[in-house]
Amino acid sequence: MAADPVCVERRFDVEQFLAEEQRKDLLRFTTAGSVDDGKSTLIGRLLYDSRSVYEDQIHAIRKSTVNRSAGDLDLSLLTDGLRAEREQGITIDVAYRYFATAKRKFIIADTPGHEQYTRNMATGASTADLAIILIDARNGVQAQSRRHAYIAALLGIPQFVIAVNKMDLVGYDQNVFHSIREEFTGVLRKLGVGAWWFVPISALKGDNVVRRSGAMPWFDGPSLLEYLETVEIARLEERRPFRFPVQRVIRPDQGFRGYAGQVASGSIRPGDEVFVLPSGRSTRIKSIETFDGPLTRAFAPMSVTLTLEDEIDVSRGDMIVAADRPAPVKTFDAHAVWLSERPLDPARPYLLKHTTQTVHARVRSVDHRINLQTLEREPSRMLELNGIGQVRVETTRPIFADPYKDNRVTGAAILIDPETNATAGALMISRIAHDAHGAGPVTAAERSARYGHPGGAVRVGLREGVALLLERRLFDRGALPLIVREWNSAVESAARAVGALAIIVDSGAPPIELPRSDEAAAEALLSWLQSSGMLRNEFEVTGGEGI
Amino acid sequence: MPSLSHLQRLEAESIHILREVASEFQRPVMLYSIGKDSSVMLRLAQKAFYPGRIPFPLLHIDTTYKFREMIKFRDEQAARLGVKLIVHTNREAIENGANPFVLGTTRCCQLLKTQALLDALREGGFDAAIGGARRDEEKSRAKERVFSVRDTAGQWDPKNQRPELWNLYNSRIRPGESIRVFPLSNWTELDVWQYIHVERIPIVPLYFAKERPMLVRGDSLISTEQPFVPRLPGEEPKLVRCRMRSLGCSPCTGAIRSDADTLPKIIEELISFRRSERENRVIDHDQDGSMELKKREGYF
Ligand SMILES: Nc1nc2c(ncn2[C@@H]2O[C@H](COP(=O)(O)OP(=O)(O)O)[C@@H](O)[C@H]2O)c(=O)[nH]1
């Protein structure tokens, strides 16, 4: 058994600790499960076993008067929050927890399992890199488990962990775990989830949570925490075309004019050609300014200030983009999660906030709603609190959008009710409507919608045969493959600009180790392209057949 | 493909938040409490608007019972950065003799901090107040939003907070309402110290261990800066090597015994520590859930 990564006592060297700390990255994950599946216990266990709770907090739950399971320390109380909730003995909101191990920092968005709290789950999922879905081993896959996976997939979480909990109550039986895994894998496939992993645990006893368990020798994977510490985080935003929503113009004096913002996706260097939307004027990046000095490169999600070669009128709400630009749209389809007590009403005006721009908007129609019991589409003219559906939205001014599946920043928007100022709806843009097309240059969003992928590249090493097979597989599914034998920045920008998926044949290493047979290698690369989000899965989140 | 470290990600997120506040509100203000979190916020504000100046004033709620070193540090920082500093005190309460021993800690805080803050925000006509609270500080803060709406009385309703998705912050408010903004929401205490270390951010010397005259009462070390702190019969201050883990009013901020006189030593102490930082503040020794009650009333 592997040495426990957390509890090994060694002489502490603070300088070394600080150096290591500065290299640590950050994984944000969300947790979903039905009431009593053991979510609070699991989070409490992660915090407690990774020594992220303070003595006084432990002391407080020892003496707490609402301790539900007397006797043992009730770890679920570590994560209970507000007074009203504590009195009801349930969690009813999104709460954020922080913990760190020697390898990584973590932020947990803890969201509840109640049917009526779709809203909170969507909120927690919106910024998550990974979702943990809890399933009670005794109950197996429930309608709610499907619903949680559905919402997490809808919000674009690229990686899933399915924790089958309470294994102690089914005698640590591997058949229980395997049949749940089989059934739920089908669900995840249908949802088009990129990557997933199943783990059998007991949150109460601690099996496979932080330490690998001797009780389940048939499971040879790492513990849940070991997995979270080492899983490669899919940061799709770094591979997307450059998008920079302007937050603010910085103009300390006549001599300096800079545009402050956070890089939403992609990267940029001084000298690169860019376009300013909505004017569409082209210019080049003059410099990338920060308090700590100018940079030679900025990438998502850095907050920087850009200066441009030419004097162009740029203000808050504009977007600076690379050659493969997003579509300026006034009409689009979106998946909507309704967040407000007041139902969606197509007769009423809304405000829409998208990146740094707020515009007037109307919901022209509700196309369908998702029945959250069956996950099937059903006709509906409206959406109520916690409802999910597809809507068509119209704005008075154009926004610069990509499909949400390609870009979780430029594909997302919120609707604000101007009467109550409530955040009424969350929108994930699914399709840029046709009437926005046909005018102006062909946009990256249009290309991506047609080909099923944004511009990108994949290496096959020197395997010519693999390149040809992969090209065929991609072409047959409507993609735009392009075999390239000499890869340089000019080819790269041309390939990106036309939205092609370049297959590079050269001595560079492929992204994964390739099997010996060409067929198997092409197949492996195809599924890598899907799991890394470069190629859209053929299953759409709202497939409609129900799952 | 290079990737950002966790501190760089937190920094980028906080800068984004500060720029949103400055751009979407008419009259934002930054609450400056002089402590380590405020010092980090101030640095982030410098970064957010560089090479421009910080486009909002700082507001310090001065109870008049803060440590002298804090006030000196505050004035130096404001002068050095050329940022406007507003200092507000509930004069009436002070003139009526308010202090924690006469009124009790809770009532004293209510008058000199909560009331003073609400008055200052109203008088200044501020529609957004930026604060340094972190979600990891206390259980009830774990659910706090980055943009948190306060009603016309400055109060917080835990049942009526707006869902916050992605980094799309809803800044719409009605006249009289205001928003509290917490750019450090996702930072932990350790993140704050690391950032101070990496960025070489100035902090009040009280955070560093030194021999200081203290009243020693069991585990508590109480400063004698304020003459009204009552002495037990025969009690004399003793020189104790100690430091402050968080800064507040001198009579109500317990010091801790410590040898940590450098940042690495503070960080080392912190990770060997198994007690949360608020426990050292006398103000939180009320009943369970007291922070949430204060928040509902408008305390930060
Ligand atoms: N036997 C057993 N009980 C568990 C396990 N995990 C949680 N429980 C119990 O299940 C109940 C519900 O757990 P809790 O964490 O509050 O569930 P939540 O509603 O999902 O947060 C509590 O009584 C826990 O002690 C487990 O792995 N095994």
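Val14(A), Glu15(A), Phe17(A) and Leu18(A) of helix α1(A) touch Pro264(B), Ile267(B), Glu268(B) and Ile271(B) of α8(B). Contact here means heavy atoms within 4.5 Å. By class, these residues are six nonpolar, no polar and two charged. Nonpolar covers Ala, Val, Leu, Ile, Met, Phe, Trp, Tyr, Cys and Pro; charged covers Asp, Glu, Lys and Arg; the others, Gly among them, are polar.

This is a predicted model: local features need pLDDT of at least 70, side-chain atom pairs count only at pLDDT 80 or more, and totals for chains, interfaces and linings use all residues. Residues are numbered from 1 along each chain as its sequence is written, chains are lettered from A and ligands numbered from 1 in the order in which they are written, and side-chain values use heavy atoms, with hydrogens and water left out.

**Helix packing between chains**

- Helix α1 (residues 14-21) of chain A and helix α8 (residues 263-272) of chain B have axes that come within 10 Å and cross at roughly 85 degrees.
- Axes are lines fitted to C-alpha atoms, for helices over the stretch in contact, and angles run from 0 to 180 degrees between N-to-C directions.
- Helices (H or I, at least four residues) and strands (E, at least two) are DSSP runs, numbered from the N terminus.
- α1(A) and α8(B) are therefore roughly perpendicular.
- Angles under 35 degrees count as roughly parallel, over 145 as roughly antiparallel, 65 to 115 as roughly perpendicular and the rest as oblique.
- α1(A) also packs on helix α7 (residues 189-199) of chain B, at about 100 degrees and with axes 11 Å apart.
- That angle makes α1(A) roughly perpendicular to α7(B).
- In this contact, Phe17(A), Leu18(A) and Glu21(A) meet Leu190(B), Gln194(B) and His197(B).
- The α1(A)–α7(B) contact has three nonpolar, two polar and one charged residues.

**The interface of chain A and chain B**

- Chain A gives 87 residues to the contact and chain B gives 71 residues.
- About 7,000 Å² is buried between the two chains, with 54% from carbon and sulfur atoms.
- Buried area is the accessible area (1.4 Å probe) that two parts lose on being put together, summed over both.
- Eight salt bridges cross the interface of chain A and chain B.
- A salt bridge is a side-chain nitrogen of Lys or Arg within 4 Å of a carboxyl oxygen of Asp or Glu.
- Glu20(B) pairs with Arg316(A) in a salt bridge, with the closest N and O atoms 3.0 Å apart.

**Salt bridges in the whole structure**

- Over all chains, the search finds 52 salt bridges.
- Arg342(A) and Asp417(A) form a salt bridge, the closest N and O atoms being 3.8 Å apart.
- This pair links distant parts of the chain, 75 residues apart.
- Arg342(A) is in the loop between β15 (327-338) and β16 (350-354), and Asp417(A) is in the loop between β20 (412-416) and β21 (423-432).

**Backbone features**

- The Ala300(A) to Pro301(A) peptide bond is cis, with omega near -5 degrees.
- Pro301(A) sits in the loop between β12 (298-299) and β13 (303-308) of chain A.
- The Tyr50(B) to Pro51(B) peptide bond is cis, with omega near 0 degrees.
- Pro51(B) sits in the loop between α2 (36-49) and β2 (58-61) of chain B.
- Ile34(B), a residue other than glycine, has a positive phi near 80 degrees.
- Ile34(B) lies in the loop between β1 (28-31) and α2 of chain B.
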